[in-house]
Amino acid sequence: MREPLAADMFDELCPSSLNPIRFGDKWAAFIIRCLEHGPRRFSELRVPLSRVTPKVLTQSLRSLERDGLVKRTVYAEATPHVEYELTPLGRSMLQPIAVACAWTEEHWDELLNARESYDDATRLDRAG
């Protein structure tokens, strides 16, 4: 039996909405990280990705499958189920995602300050 995914496996840094480097859609990097240690069922992915609606998670998985990053396998057993796993191409994304996470961590304060300055300036423009 494989180790379950932790509900809190994503700290605030990695992957993060603050990270300006995008891999696919908003959730692609999160999904890739969830599949890093082997195949997972949809319900297993929902645990750490609880902020993602089932519809959006399905769309993201289909997009990753279409791009050749994720393989979807249907098991027609007594209890049918589907599993998702990284393809070799998908595995090759793990290193760039790790680099992007490290960059975000290194520049965290600068990113927060830039966003705060932008939001303050935008707020003043609207008020003035």
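**Charges on the surface of a predicted model**

Buried here means under 20% relative accessible area, exposed means over 50%, and partly exposed is in between (1.4 Å probe, protein chains only). The model is predicted, with local features needing pLDDT of at least 70 and side-chain atom pairs pLDDT 80 or more, while totals for chains, interfaces and linings use all residues. Residues are numbered from 1 along each chain as its sequence is written, and side-chain values use heavy atoms, without hydrogens and water.

First, the chain as a whole. It holds six helices and three strands, as DSSP runs numbered from the N terminus (helices H or I, at least four residues; strands E, at least two). Read from the N terminus, the order is α-β-α-α-β-β-α-α-α. The radius of gyration is 17 Å, well over the 14 Å that the globule rule gives for 128 residues, so the chain is more spread out than a compact globule. That radius is taken over C-alpha atoms, and the rule is 2.2 Å times the number of residues to the power 0.38. The C-alpha trace spans about 65 × 30 × 25 Å along its principal axes. Of the 128 residues, 37% count as buried.

Now the salt bridges. How many are there by this rule? The count is five, a bridge being a side-chain nitrogen of Lys or Arg within 4 Å of a carboxyl oxygen of Asp or Glu.

One of them joins the side chains of Arg2 and Glu83, at 3.0 Å from N to O. Arg2 sits in the segment before α1 (28-34) and Glu83 in strand β3 (residues 81-86), so this pair ties together parts that are 81 residues apart in sequence. Arg2 is partly exposed, at 31% relative accessible area, whereas Glu83 is buried, at 12%. Both residues belong to a salt-bridge network that links Arg2, Arg40, Glu44 and Glu83.

Another bridge is made by the side chains of Arg33 and Glu36, at 3.7 Å from N to O. Glu36 is partly exposed at 28% relative accessibility, and Arg33 is partly exposed at 21%.

A further bridge pairs Asp120 with Arg123, with the closest N and O atoms 2.5 Å apart. Why are these two residues separated by about one helical turn? They are three residues apart in helix α6, and therefore about one turn lies between them. Asp120 is partly exposed, with a relative accessible area of 33%, while Arg123 is exposed, at 52%.

Last, the surface patches. Which residues gather in the positive one? They are Arg22, Lys26, Arg51 and Arg115. Patch residues have over 30% relative accessible area (Shrake-Rupley, 1.4 Å probe, only the protein chains shown as cover) and no salt bridge, with like charges joined within 9 Å and nonpolar side chains (Val, Leu, Ile, Met, Phe, Trp, Tyr) within 5 Å. Lys and Arg count as positive, Asp and Glu as negative, and His and the chain ends are not counted; each charge is placed at NZ of Lys, CZ of Arg, CG of Asp or CD of Glu. Arg115 lies in helix α6 (residues 108-127).

The surface also has a patch of negative charge, where Glu105, Glu106, Asp109 and Glu110 gather. Helices α5 (94-106) and α6 are the elements that give two or more residues to this negative patch. Glu106 is in helix α5, and is exposed because its relative accessibility is 62%.
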